[in-house]
Amino acid sequence: MGGIAYKEGPLQLQFVSDSYRENGSNEIDDGGNNHRGAPVHGDLEDPDRIRYRFHASGKYNNGRFFWNGEADWFLSWRSGEDTALGHTAGSLVEEGYNADGWLYGTEFGFLAGPVKATFNYVRSTGDDTSTRDTWEDSRGGDSGVSDGYMRDWGYLMYHLYGTGTGFGANGFGFPIDFHHVGARLDYAVASNLNLWAVFSKSWRDQPAMWMLGGDGRYGVLRINNDAIASFKGIPGAGNPEGLPTADVRAVPDHARDIGWECMFGVDWKLLENLTWYSTFAYWQPGNWWGYAFPNTAAIYNLNGNPDIAANGPYYDDGARVNPDREIDPLIAIETKLIIDF
């Protein structure tokens, strides 16, 4: 890891470059010997993964105008002998395991008396589709945006639903593969009382992701691109790995709209160690969800049905209808009283 930082008055800049290695899984060759990350001719291998990141960020605040910006480039690769996914036994696999993605955004605004206005833009590319020709899906990449940041711009669309492509270890959204634009207005009624409103719009960067749908919490299997395409009768469906191709795309290029969301809230510090937070959110999902999630309400309603274990949830007729349907708006209200000790 290496980095350099610069600060002059209200301006701060930072550049960081780091890399690390993830060990491959244990291997067992024909002789029963265990290996870790070492090529084993003729056997399925999970080689080590090398991850690399370059980061640049900056901020400026002169008391009235402020700006924050960040850009990250993520790269990872694996290499070694592999017999999986149709490769010849002992063949050298390199590009098939690459991941290449960008994450960048900017935020700026101004303060005028009790008013603070903020505008921002975020883009996460997800892994480069030209390299996603193995098991990788959007959640296998690095370029997701943390829930801690995106929650303030979309309680439903980002925090709870992760734009449908990414979730962190805590189960909340870690969105990836999307564009976001947003505006926020804060008004300080008093030193201890703040009212705020947010509007966000989001659309998909690469609509034809590989794995879609499902619910890991309840063991409902995710659906690959080829399965959805087959259900829709798209010509060319049936390639061995269910990969997006020119002819087989469960989600067409025009279905990029993730949706828009409005939020309103109150932050009220009642006492020194007692604060009340309330949030109201209204989210209108876009057309991407109708294609990528083929009526998953029918899938979730089958929880506990033995047919799921026997056939997998996407074999149910109810999960294959209305791919371009209009999704009803979702509404959420959260209120909490925080006591600090």
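Modeller: The secondary structure of the chain comes to six helices and 17 strands. This is a predicted model: local features need pLDDT of at least 70, side-chain atom pairs count only at pLDDT 80 or more, and totals for chains, interfaces and linings use all residues. Residues are numbered from 1 along each chain as its sequence is written, and side-chain values use heavy atoms, with hydrogens and water left out.

Colleague: What makes a run of residues a helix or a strand?
Modeller: Both are DSSP runs, numbered from the N terminus: helices are H or I with at least four residues, strands are E with at least two. One of the strands is β10, residues 115-124, and Ser124 is in it.

Colleague: Why is Ser124 called buried?
Modeller: Buried means under 20% relative accessible area, exposed over 50%, and partly exposed in between (1.4 Å probe, protein chains only). Ser124 has 0%, so it is buried. Of the 341 residues of the chain, 43% count as buried.

Colleague: Which residues does Ser124 touch?
Modeller: Contact means heavy atoms within 4.5 Å. Leaving out residues up to four places away in sequence, Ser124 touches Trp102, Leu103, Ser143, Gly144, Val145, Ile176, Asp177, Phe178 and Asp205.

Colleague: What does the side chain of Ser124 reach?
Modeller: The backbone nitrogen of Asp177, at 3.3 Å. A polar contact is a pair of N or O atoms within 3.5 Å; within protein, one must be able to donate a hydrogen and the other to accept it, and residues adjacent in sequence count only if both atoms are side-chain atoms.

Colleague: What makes Leu271 exposed or buried?
Modeller: Leu271 has 57% relative accessibility, so it counts as exposed. Leu271 sits in strand β15.

Colleague: Which residues form the nonpolar patch on the surface?
Modeller: Trp268, Leu270, Leu271, Trp276 and Leu337, with about 470 Å² of accessible area together. Patches take residues with over 30% relative accessible area and no salt bridge; like charges are joined within 9 Å, nonpolar side chains (Val, Leu, Ile, Met, Phe, Trp, Tyr) within 5 Å. A salt bridge is a side-chain nitrogen of Lys or Arg within 4 Å of a carboxyl oxygen of Asp or Glu. Areas come from the Shrake-Rupley method with a 1.4 Å probe; for residues, only the protein chains shown count as cover. The largest share of the patch, three residues, comes from β15, residues 257-271.

Colleague: How do you know that β15 and β16 pair?
Modeller: Two strands pair if DSSP finds at least two bridges between them. Here 12 bridges join β15 to β16, residues 274-285, and the two run antiparallel. Val266 stands opposite Ser278 in β16. The two strands form a hairpin with two residues between them.

Colleague: How many bridges join β16 to β17?
Modeller: There are 10, again antiparallel, and β17 covers residues 330-339. Phe280 faces Ile333 in β17.

Colleague: Why does Gln284 count as buried?
Modeller: Gln284 is at 15% relative accessibility, so it counts as buried. Gln284 lies in β16. A polar atom of its side chain is 2.8 Å from the backbone oxygen of Ile327.

Colleague: Where is Gly286 found?
Modeller: In the loop between β16 and α4 (287-292). Gly286 is at 8% relative accessibility, so it also counts as buried. The C-alpha atoms of Gly286 and Trp203 are 8.2 Å apart, although 83 residues separate them along the chain.
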